[in-house]
Amino acid sequence: MKIISKLFVSASLALVAMASPALAQDFKVIVNSANSTTELPSDVAAKLFLKQTTKFPNGTPAQPVDLAKGSAVRAAFTKSVLGRAVAAVESYWQQQIFSGKDVPPAAKPSDDEVIAFVKANPGAIGYVSAGAGTGGVKVIDVK
Amino acid sequence: MHNTLKRAAALALTLTPMVVQAQDDKLSIHGAASLAYAKSDMLPINGATKDGTSDYRIIALQFGYKISDKDRVVTQLLHRKIGSSPLNAITPAIDPVWAFYEHRFDNGFVTKVGRNPLPRGIFNEVRYIGTLLPLFRVGNAVYGETLEYVDGVVVRKPFDLGSGWKLDVSGFAGGYDIKAQIPTSSGISVINSRNENTIGSQVWLNTPIEGVRAGVFYNNYQGTPSASLPAAQRQKRTTTLMYSAEAAFTKAFARAELTTFKQEQAPNFVDFMSYYVQAGVNPTEKITLVAEYNDGRNIVRFSGTQIPDLSLPLNEDLALGVAYKPSTQVSFKLEGHKSEGYSFDRPVPSVIPPTGLPLVAKLAPASKTYYLLASVAFSF
């Protein structure tokens, strides 16, 4: 019984240890290379993606882009940066859409398409999986 | 020629995904539907009948087009069929409830021109969206099936007050339709009138606790027709107020709204007040349990006569509901209501007229019915 408990505790600790850093490394936040932003507080990034703020702190008009619904990277980004469950963010956007206030950011099906969008739009901000190649765009720190 | 066609075809094939992509970024299409079965046990009410009716639905389809980063146009079409409700007689099969042009200024100021969602209370802007509502319809005593949009201008500006406090201020001017059903001794009368030269505002105070807010709606309007009537018969401008409070968290929510207006139209004076209180819990992410109570009263003063004021209670409606949401885009709901009062889809005894002096009219005993709504809602 003791051995089972020890195994359980060890496994749990290992899972916790694995889960936390993995969450932080599941995605990279990217902006257009012409954007002077190098880092963003996570609450500012959240406001940009929820369209509660329309500009970067440096004054550049923001154009957020999401990965498609169902993406594991989107789920990790949503939980880590927006601080909400994916379902809560979906309800938020339903409220915004159907009250005529705003529509959600464009959603792209792949890392490559997010990167292409960010390259093409000076105010774009997006996120891609940690392993994606990010040539031509700038990776920024979100804390 | 053949080569030119081939090149054109190749170019078209190359461009098509770009055009589709461009449309994807500019054009947005969203929709919502709530489809119900409604049945009452005795009296017909809110379109529900003793036989039961599945002819009960609300469908909204919204198209938006982004002209630029700051400009867009939005149209929303609404189809609404409420069982056997007398209001069906004045409800078009397809109603263009929104058609507005929006411009956003750099300072956060937003202006909308055209047929706009009327910023009024907690639910006015999403009252057709079943996936966002715990019950089929929003608090009936406060919202009814009217005051949905405003033809004119709406402006909005959020203000950050610091320390987590935020103010969200909307103002509007224009005109809107009023639709209502009024029970009379001979039947149910439906009203489809128009208020014009209206001005108003909705102010929300958002607290540092996310999900907790309080709001006030103010509206001053002119009933029509007015200009063509003799001065003595003209309705005075009327002011409507509405107070809202909401606390909505992940696991539980509570909200209440109260509306009042006083209308003077010689020789009578109407003093109206109604409210609803709603509370619920989400024991799991997919299940919502909700209770709602609606009530109010209408005081009619007969000026220049010996007839005392007549206080007419509105229907007391108590609702209990459960909703199951397998996803944020689908919701199954079952709700039961007990409604007691004098306003149903067919006349019921209301006032016992005085038979002698003093001229005091008495209220007849209230009528009562139970009704249920089983519905599915989805949105995209």
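Q: What are the ipTM and pTM of the model?
A: The predicted model scores ipTM 0.77 and pTM 0.84.

Q: And chain B, what's its average pLDDT?
A: Chain B averages 89. At least 70 is reached by 92% of the residues.

Q: Where in chain B is the pLDDT below 50?
A: Over residues 11-23 of chain B.

Q: How should I read coordinates where pLDDT is low?
A: Not in detail.

Q: OK, chain A itself. How many helices and strands?
A: Chain A has 5 helices and 6 strands. From the N terminus, the order is α-β-β-α-β-α-α-β-α-β-β.

Q: Which residues of helix H2 in chain A are buried?
A: Ala45(A), Ala46(A), Leu48(A) and Phe49(A) are buried in H2, which covers residues 42-49.

Q: Why do they line one face of the helix?
A: Look down the axis of H2(A): the buried residues fall within an arc of 160°, so they line one face.

Q: What do the buried residues of H2(A) pack against?
A: Strands E1 (27-32), E2 (39-40), E3 (63-67), E5 (124-129) and E6 (137-142), plus helix H3 (72-82), in chain A.

Q: And just after H2(A), which residue takes a positive phi?
A: Lys51(A), with a phi of about 60°.

Q: What share of chain A is buried?
A: Of its 143 residues, 34% count as buried. As for contacts in chain A with a separation of 6 or more, 69% join residues 24 or more positions apart.

Q: Back to chain B. How many helices and strands there?
A: Chain B has 2 helices and 19 strands.

Q: What does its C-alpha trace span?
A: The trace of chain B spans about 100 × 55 × 50 Å along its principal axes.

Q: How much of chain B counts as buried?
A: 32% of the 380 residues. In chain B, 57% of the contacts with a separation of 6 or more come from residues 24 or more positions apart.

Key: Residues are numbered from 1 along each chain as its sequence is written. Chains are lettered from A and ligands numbered from 1 in the order in which they are written. This is a predicted model: local features need pLDDT of at least 70, side-chain atom pairs count only at pLDDT 80 or more; totals for chains, interfaces and linings use all residues. pLDDT is the predictor's confidence in each residue, from 0 to 100. Two residues are in contact if their C-beta atoms, placed from the backbone, lie within 7 Å. A residue is buried if 20 or more other C-beta atoms lie within 10 Å of its own, exposed if 12 or fewer, and partly exposed in between; C-beta atoms are placed from the backbone. Helices (H or I, at least four residues) and strands (E, at least two) are DSSP runs, numbered from the N terminus. The arc is that of the directions from the helix axis to the C-beta atoms.
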